[in-house]
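Colleague: I have a model open and would like to learn how to read it feature by feature. Could you walk me through it?

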Amino acid sequence: MTTVYAQGNVNYGVIGAGLQGEKHVEVASLAPNATLIGICDANEERARVLALKHGAKHICADYQELLALDEVEAVSVALPDHLHRDVTVAALEAGKHVLLEKPMATSVEDAEAIVAAQRASGRKLMVNWSNRWMIPFAQTKQKLDAGALGDPLYCYARLNNTTYVPTKMLSWAANTRLPYWLICHRYDIARWYFGCEAKKITAVSRSVVLKEMGIDTPDFYQVTVEFEGGQVGNFESCWILPESLPYLVDSKFQLVCTKGYVNVDPNPQVHQLATEERYSLEGFLAANVMGQPVGFVRQAIEHFINCCVTGAEPLITGEDGLQITRALVAMVEAAESGEAVYL
Ligand SMILES: NC(=O)c1ccc[n+]([C@@H]2O[C@H](COP(=O)([O-])OP(=O)(O)OC[C@H]3O[C@@H](n4cnc5c(N)ncnc54)[C@H](O)[C@@H]3O)[C@@H](O)[C@H]2O)c1
């Protein structure tokens with residue numbers, strides 16, 4: 001898939017220049033219909049390094065400074081999961097369009113405040129559930145819409161990480177939960193396919209491995225969601241797989257429909273890479289090719305940029321974000337209480 005760029009230009013800023021924020025910086029600097037103006041990160045040195053590499057003229061450590069720049073029309077917010085609300089609300093109030101990294105928020109109150117700010121501002125808001133731009137998931141949606149699979153009945157979705165993610169990659173793992181970090185990607189896909197909201201959620205989580213390491217967040221979640229239309233989704237996720245695995249993400253997705261079946265199983269992949277140091281299985285869904293990012297991450301961000309330029313509604317709206325947040329919060333509550341949560 002490649003992006004068709006709408007004609008025009010949007011002046012762009014990125015708030016939060018960590019692992020994911022760097023991707024937003026890179027895509028905004030490459031898109032022919034965006035101009036990268038500024039980068040903000042609490043670690044100003046990090047912002048400086050990325051600005052030198054990708055050509056932004058403003059850097060700052062305080063997001064209010066970036067939002068005060070009249071020329072900036074749109075921003076990406078790529079802060080840790082639990083810090084999305086204040087910055088996103090402030091950006092919308094400052095009249096900027098916002099591409100907010102997933103999850104929208106880690107509480108329903110935060111998500112409601114963000115949606116209220118978006119409605120009051122009339123600006124664009126998209127939550128970056130970028131997996132919708134992965135080829136297998138996008139193709140399945142097309143087949144469903146064309147009636148080729150009949151009606152979806154249930155799905156099974158697994159999305160796991162190795163311990164590298166909560167122990168070395170993220171400094172803030174204890175401030176989030178797997179429904180916000182991983183399950184939300186597959187829940188968004190299931191809800192997109194089923195076309196309705198969750199009705200009843202049961203969930204189980206356990207804390208053993210990460211607790212022993214002093215990281216206060218559950219090791220895994222097993223979640224069952226019954227949707228309003230009768231469909232069922234089973235979602236499981238852990239982040240305690242051994243780091244000796246040759247990949248960081250373990251995933252599987254199955255969709256059973258009245259007239260069809262879809263199985264997306266990227267592990268193990270067949271692009272093997274062995275150096276003297278390590279053996280790995282490389283991903284096919286997104287990569288850097290000839291010095292440029294290709295794949296779903298770039299396409300999701302470019303979709304938002306196109307929406308800013310044309311005025312079109314993004315594929316994933318603030319209302320989607322709020323509905324998904326309600327379900328994710330219910331997953332955490334159901335696991336903590338041991339009781340079913342009815343939405
Ligand atoms: N869409 C996806 O597929 C995807 C993939 C990975 C991460 N994410 C999401 O992106 C967000 C960021 O994740 P990450 O992996 O880049 O985390 P990270 O820890 O690598 O980066 C976060 C950055 O935010 C900065 N920061 C923290 N507080 C700040 C503040 N008040 N003002 C300015 N900067 C501040 C930190 O210095 C850090 O550089 C998370 O919400 C995460 O869930 C989405």
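Modeller: Gladly! Let's begin with strand β7 (residues 152-161), which is mostly covered, with 7 of its 10 residues buried. Buried means under 20% relative accessible area, exposed over 50%, and partly exposed in between (1.4 Å probe, protein chains only). Strands (E, at least two residues) and helices (H or I, at least four) are DSSP runs, numbered from the N terminus. This is a predicted model, in which local features need pLDDT of at least 70 and side-chain atom pairs count only at pLDDT 80 or more, while totals for chains, interfaces and linings use all residues. Residues are numbered from 1 along each chain as its sequence is written, and side-chain values use heavy atoms, with hydrogens and water left out.

Colleague: Which strands does β7 join, and in which sense do they run?

Modeller: Two strands pair if DSSP finds at least two bridges between them. Here β7 is joined by 9 bridges to β11 (residues 249-257), running antiparallel, and P152 sits opposite C257 in β11. With β10 (residues 232-238) there are 5 bridges and the run is parallel; Y156 has N234 as its bridge partner there.

Colleague: What is the strand order of the open sheet?

Modeller: Its 7 strands go β12-β11-β7-β10-β9-β8-β17, with mixed pairing. The edges are β12 (260-264) and β17 (341-342), each pairing on one side only. β12 pairs with β11 in the antiparallel sense over 5 bridges, where Q254 stands opposite N263.

Colleague: How do I read the side-chain directions along a strand?

Modeller: In a regular strand, side chains alternate between the two faces of the sheet. Take β4 (residues 74-77): A74 and S76 point one way, V75 and V77 the other, and all are buried. β4 pairs in the parallel sense with β1 (residues 10-15) over 4 bridges, with V14 opposite S76. Strand β5 (residues 97-101) also pairs with β4 in the parallel sense, over 4 bridges, and L100 in β5 is the bridge partner of V77.

Colleague: Now the ligand. How many residues surround it, and which are the closest?

Modeller: A residue counts as near a molecule if one of its heavy atoms lies within 4 Å of it. By that rule 22 residues surround the ligand, the closest being Q20, D41, D81, K102 and W172. The shell divides into 11 nonpolar, 7 polar and 4 charged residues. Nonpolar covers Ala, Val, Leu, Ile, Met, Phe, Trp, Tyr, Cys and Pro, charged covers Asp, Glu, Lys and Arg, and the others, Gly among them, are polar.
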